[in-house]
Every structure is written in structure tokens, then in C-alpha cells.
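Q: I am new to this structure and would like a close look at a single part of it. Please take me through that part step by step.

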Amino acid sequence: MSEAYEPAKPNKSSRWWMLPLVLPYLALCFPQVYARTTPMLLGFPFFYWYQFLWVVLTSTIMALVYRKLKI
């Protein structure tokens, strides 16, 4: 009979790399902070480009955390 697969437990220092995953949540959790039209960027109100910026930043943060935890 084969042995059961047991995932590796992350060590304590690698858990700190999960902390940046909270940033997108905190940045977008309170829309009253960014629900305004100025400043505009390329004709887009702040409300829209701020959220889109966080889509890109979240992808980057997730990629960095994934690479650090993969090792």
C-alpha cells in the first residue's frame, strides 16, 4: 500500500509572505475613500482607474507570494 500524501508544512518565516495578500482587500474594502471622479487618468475617473490599478497590483503581489512560497 502506498503512503498517504502529506503536504509540506510552511515554516514560520514563510507565513509572513502571505501578509501582502491583505493589501488589495484593505485598499478596495472601503469604497467611500476612492469613490470620486478626480484625479482623472486618460479620461477615466479615479474610481475606475484606481480599481483597475489594483487588478494589476494584485496579480503582481500574488505572483511574488507564489514564487516565494513555492521554494
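Which residues of α4 are buried?

A: This is a predicted model, and the description that follows should be read with that in mind. The buried residues of helix α4 are Phe-46, Tyr-50, Trp-54, Thr-58, Ile-61 and Val-65, where buried means under 20% relative accessible area. An α-helix has 3.6 residues a turn, so residues three or four places apart point the same way. The cover over the buried residues of α4 includes α2 and α3, the latter made of residues 31-34.

As for the helix itself, α4 runs over residues 46-70, and its 25 residues should span 36 Å at 1.5 Å a residue, which agrees with the 35 Å that separates its end C-alpha atoms.

Thr-60 also belongs to helix α4, but with a relative accessible area of 41% this residue counts as partly exposed, because that value falls between the 20% limit for buried and the 50% limit for exposed. The side chain of Thr-60 reaches back to the backbone oxygen of Val-56, at 3.0 Å.

Tyr-25, which has its place in helix α2, is exposed, with a relative accessible area of 56%.

Notes
Residues are numbered from 1 along each chain as its sequence is written. This is a predicted model: local features need pLDDT of at least 70, side-chain atom pairs count only at pLDDT 80 or more; totals for chains, interfaces and linings use all residues. Side-chain values use heavy atoms; hydrogens and water are left out. Helices (H or I, at least four residues) and strands (E, at least two) are DSSP runs, numbered from the N terminus. Buried means under 20% relative accessible area, exposed over 50%, partly exposed in between (1.4 Å probe, protein chains only). The expected span of a helix is 1.5 Å times one less than its number of residues. Contact means heavy atoms within 4.5 Å. A polar contact is a pair of N or O atoms within 3.5 Å; within protein, one must be able to donate a hydrogen and the other to accept it, and residues adjacent in sequence count only if both atoms are side-chain atoms.
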